Amino acid sequence: MKRILVVHPGGLGDVIIFLPALLALREHETAAQIDLLVEKRAYIGSDELLTPLGFGVKQFDFKGKLGPRSLVQLLDLIRGYETCIASGGGFLATLVLWFSGAKRRVGFKNTLAFLLTDPVPLNRKNRYAGEWLADLFAPLGVKPASLTRPEFRLALQTKTEEKYILIHPGVSAISVRKNILKSPQPAFWLELISALCLQYPEQKIILIAGPDDQKLKPESLIENNPNFLDWQGRKHNASDLLALIREACLFICPDSGPMHLALAAGTPTVALFAATDSAELLPPFASEYLRVVRIMEKLICQPCLWARRSTSCATPVCLSWLEPEAVIRAAQALLAKPAQG
């Protein structure tokens, strides 16, 4: 059996962005074993979501210290494949491909491109990330005409008759540690939830959080709003989270992994963007059920993260000037539309 390895560091959101292209590869290479090597932080969710789609999933701690033991472990993970593909554009990604020993090594072109059998130009300008990642599969003959919304082969454990508005304020723990700020302060979210409870008194408003997220303290909301449910303490794996998002009539979140899950699930979504590039991170297929909220006038410094800076600035006005009223207006526009199938 032909064996193909795709090395794709990043979080679960990065895996979801890559998924339509991976499915196009799966359709093209129907008889091949296709494995994905992801970061440790993305492994559990990737394994849950991708294994039912016919992919093998492996993990490696790309963010950890590279010592003799970890290098041996990495070599064990990447050897034995006829084709090895890496999504990173840096030197390390190219070296990983070289050490894989694969006959065919596909990666983005850089000064070490002579180590690749198929160097691919990296064309990111004004393109959705899923599209330029899909360029990596062109040497294999995979040419997806358009990246369509992926279908997850997961049966919902429960299906509720009553729809709800779901709110997830958190972002990845690694973003917080690296001072990559993408979500407003807790006061913003508490004000937003209070306004939603008043705007939609017959609708359940549910707040959820990841295990590493800063928890909001909505005691006053619980006392004064019977339609509000605080589910921050509940543990949700990737399939549970996907089920919750699928059943929601609206999902509100910052630029995060759950946002990418919601867009892939087809759930009406209000996404808050500050310093990151929405054009690169939001798929064209989600335009019908997506509303992006940023400050009223786009700042000349937007987007700055990864375009101008690798961490947030000292005074991120792109976050502090966000207004809950703008989110309410976006929610109203989406809730007035028929639900997506």
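Which residue in β4 is the bridge partner of L5? I looked it up in the model, which is a predicted one, and found C84. Stepping back to the strands themselves, I have β1 (residues 3–7) running parallel to β4 (residues 83–86), with four bridges joining them.

Next, the helices on the sheet. I see α1 (residues 12–28) packed there, in touch with β1 and β2 (33–39). The direction of α1 makes about 170 degrees with that of β2. I also checked α2 (residues 40–50), which packs on the sheet and touches β2 and β3; for this helix the angle to the direction of β2 is about 145 degrees.

Then I traced the whole sheet. I get six strands in an open arrangement, ordered β3-β2-β1-β4-β5-β6 and paired in parallel. At the edges I find β3 (56–60) and β6 (118–120); each has a single partner strand, so one side of each lacks a neighbour in the sheet. From one strand to the next, I note a twist that averages 15 degrees.

I place P303 in the loop between β12 (290–293) and α12 (317–320).

I also looked at positive phi values in residues other than glycine. For N126 I have phi near 55 degrees, in the loop between β6 and α5 (129–134). N126 is exposed, at 72% relative accessible area. For N179 I have phi near 60 degrees, in the loop that links α6 (173–177) and α7 (186–199). I logged N179 as partly exposed, its relative accessible area being 34%.

Note on methods
Residues are numbered from 1 along each chain as its sequence is written. This is a predicted model: local features need pLDDT of at least 70, side-chain atom pairs count only at pLDDT 80 or more; totals for chains, interfaces and linings use all residues. Side-chain values use heavy atoms; hydrogens and water are left out. Two strands pair if DSSP finds at least two bridges between them. Helices (H or I, at least four residues) and strands (E, at least two) are DSSP runs, numbered from the N terminus. Axes are lines fitted to C-alpha atoms, for helices over the stretch in contact, and angles run from 0 to 180 degrees between N-to-C directions. Contact means heavy atoms within 4.5 Å. Buried means under 20% relative accessible area, exposed over 50%, partly exposed in between (1.4 Å probe, protein chains only).
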